[in-house]
Amino acid sequence: MKPFSDVELAALLAELESDRVERKPSLKGDAPSTVREAVCAFANDLPGHGAPGVVFIGVCDDGTPLAGFEVTDELLRQLADLKTDGHIAPPPTLLVEKRRLAGTDFAVITVWPYDIQPVREATLDELDRLRFEQEYLPALVARDVLVANDRSITQKLAVTKLVVGDAEPVPT
């Protein structure tokens, strides 16, 4: 998991129609929510690219830099906190950094897809269901969401990436 080179990032920034890139002019308004959604999408790698996705902060949708945008330590901290603020479960692997491309500073979040490897020799019976439901889930998901959740145990395990999927409940 190495960071993108400047050339690779510049190419991604220029690629306007990509499901591996999200652009935001700032982290104001509803941007934190949409950035979390992008991070989640990149971590889940639904298109199956097997490659990281990138969120650029300080750039408009058309790829032009936002005039006067400053990448501050506070902004970088806020972006790094997205990983562990409890809104994305399980926490993704990401890198937050200030990068300078073509003379302009951007905040860049690189998100690697979850590395889910099935352990074919393992069974669901080997998982500690009580600990999963009483410790792990409450640490990841808000209590009111858990109460309203009518998913099966297999579905809950799949959502948290502890099994390959609902249709393939093989531990990872």
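Mentor: E135 and R131 make a salt bridge, their closest N and O atoms being 3.2 Å apart. This is a predicted model, in which local features need pLDDT of at least 70 and side-chain atom pairs count only at pLDDT 80 or more, while totals for chains, interfaces and linings use all residues. Residues are numbered from 1 along each chain as its sequence is written, and side-chain values use heavy atoms, with hydrogens and water left out.

Trainee: Why is the pair of E135 and R131 called a salt bridge?
Mentor: The term asks for a side-chain nitrogen of Lys or Arg within 4 Å of a carboxyl oxygen of Asp or Glu, and the 3.2 Å between the closest N and O atoms of R131 and E135 meets that limit, so the name applies. In general, side chains of opposite charge can pair when their charged atoms come close. Both residues lie in helix α4 (residues 129-140), four residues apart, about one turn of the helix; helices here are DSSP runs of H or I with at least four residues, strands are runs of E with at least two, and both are numbered from the N terminus.

Trainee: What makes R131 exposed but E135 partly exposed?
Mentor: Buried means under 20% relative accessible area, exposed over 50%, and partly exposed in between, with a 1.4 Å probe and protein chains only. R131 has 51% and therefore counts as exposed, whereas E135, at 48%, counts as partly exposed.

Trainee: How many salt bridges are there in the structure, and which residues form a network?
Mentor: The structure holds 11 salt bridges, and D6, E97 and R99 are linked in a network of them. Another of the bridges joins E22 and K24 at 3.4 Å, N to O; K24 is buried at 15%, while E22, at 24%, is partly exposed.

Trainee: Why is the aromatic pair of F56 and F106 called edge-to-face?
Mentor: Rings of Phe, Tyr and Trp (its six-membered ring) pair if their centres lie within 6.5 Å, and planes under 30 degrees apart count as stacked, over 60 as edge-to-face and the rest as tilted. By this rule the count comes to two aromatic pairs. F56 and F106 are 6.2 Å apart, centre to centre, with 75 degrees between the planes, so the pair is edge-to-face. The pair links distant parts of the chain, with F56 in strand β2 and F106 in strand β4, 50 residues apart. F56 is buried, with a relative accessible area of 0%, and F106 is buried at 2%.

Trainee: What makes the pair of F132 and Y136 stacked?
Mentor: Their centres are 5.9 Å apart and the planes stand at 25 degrees, so this pair falls in the stacked class. F132 and Y136 are four residues apart in helix α4, which means that about one helical turn separates them. F132 is buried at 6%, while Y136 is partly exposed at 31%.

Trainee: How do you know that T160 is buried, and what is T160 in contact with?
Mentor: T160, found in the segment after α6 (153-159), has 5% relative accessibility and therefore counts as buried. Leaving aside neighbours within four places in sequence, T160 is in contact (heavy atoms within 4.5 Å) with P90, F132, Y136, L137 and L140.
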